[in-house]
Amino acid sequence: MSVYQDVIIAGFGGQGVMLMGNLLAVSAMHSGLHVTYIPVYGPEMRGGTANCTVVISDQEVGSPIVKSPWTLIAMNRPSMEKFQPRVKKGGTVVFNASQVEPGLADSSRLQARGVKANDIANDLGNPRLANMVALGAYIEVTGIVPLQVVKDSLAQVIPERYHNLLPQNAQALEAGAGGIE
């Protein structure tokens with residue numbers, strides 16, 4: 001059985017979208033898979049829109065460009081509205097239910113799963129962990145890589161000056177995996 005998954009991860013600049021994509025890509029490499037990662041920044045960066053594309057496969061990746069992904073992580077409403085229509089029929093959308101109303105999910109065409117990423121991050125004591133909560137939910141829903149590999153990859157992706165936050169990030173990943181609605 002072959003492994004293939006592509007995902008667009010989208011949100012506002014400052015929500016940690018690029019970190020999510022980078023962590024997912026590194027985790028997939030640590031799992032022995034082939035990966036491409038393409039970040040896309042708007043000129044406004046923090047507060048503007050940001051997205052990235054990650055392609056994961058057990059075969060060499062032919063193209064890193066994905067117009068119609070199988071999966072989407074939407075961290076906010078504008079990202080959900082922009083990218084959800086592109087997701088292939090039967091694909092999966094994991095959305096931040098703290099910022100996206102569940103009624104916006106196209107559940108007739110897609111597997112749509114919400115996680116209250118901001119609320120869970122706030123409960124953990126650090127609102128900046130919403131990205132890790134959402135990624136944990138995505139890993140749980142898709143099973144593309146083991147959650148433990150993602151947690152083990154944190155130190156490689158998070159700058160050393162923030163390594164004191166590694167346990168909190170790992171906790172947020174676990175909370176997201178357990179917080180799917």
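Helices are DSSP runs of at least four residues, numbered from the N terminus. The structure shown in these views is a predicted model.

**View 1. Lining of the largest pocket by secondary structure elements.** Helix α1 contributes the most to the lining of the largest pocket, with three residues. The elements that supply two or more residues to this lining are α1 (17-30) and α4 (130-142).

**View 2. Space and centre of the largest pocket.** The largest pocket holds about 720 Å³ of space. It is lined by 26 residues, of which Gly-14, Gly-16, Leu-19, Arg-128 and Asn-131 are the closest to its centre. By class, the lining of the largest pocket comprises 15 nonpolar, eight polar and three charged residues.

**View 3. Packing of helices α5 and α6.** Two packed helices are described by the angle between their axes and by the distance between the axes. For helix α5 (residues 147-157) and helix α6 (residues 166-178), the axes come within 9 Å and cross at roughly 155°. Angles over 145 degrees count as roughly antiparallel, and α5 and α6 are therefore roughly antiparallel to each other. The crossing of these two helices, α5 and α6, is right-handed.

**View 4. Residues in the contact of α5 with α6.** On the α5 side, the contact is made by Leu-147, Val-150, Lys-151, Leu-154 and Ala-155. Helix α6 takes part through Leu-166, Asn-169, Ala-170, Leu-173, Glu-174 and Ala-177. Grouped by class, the residues in the contact of α5 with α6 are eight nonpolar, one polar and two charged.

Notes. Residues are numbered from 1 along each chain as its sequence is written. This is a predicted model: local features need pLDDT of at least 70, side-chain atom pairs count only at pLDDT 80 or more; totals for chains, interfaces and linings use all residues. Side-chain values use heavy atoms; hydrogens and water are left out. Axes are lines fitted to C-alpha atoms, for helices over the stretch in contact, and angles run from 0 to 180 degrees between N-to-C directions. Angles under 35 degrees count as roughly parallel, over 145 as roughly antiparallel, 65 to 115 as roughly perpendicular and the rest as oblique. A crossing is left-handed if the near helix is turned anticlockwise from the far one by less than a right angle, and right-handed if clockwise. Contact means heavy atoms within 4.5 Å. Ala, Val, Leu, Ile, Met, Phe, Trp, Tyr, Cys and Pro count as nonpolar, Asp, Glu, Lys and Arg as charged, and the others, Gly among them, as polar. On a 1 Å grid over the protein atoms alone, a cavity is a set of points where a 1.4 Å probe fits but cannot get out, and a pocket is an open set with protein on both sides within 12 Å along at least five of seven lines; lining residues have an atom within 4 Å of a point. Grid points are joined across faces, edges and corners, and a volume is the space filled by probe spheres set on the points.
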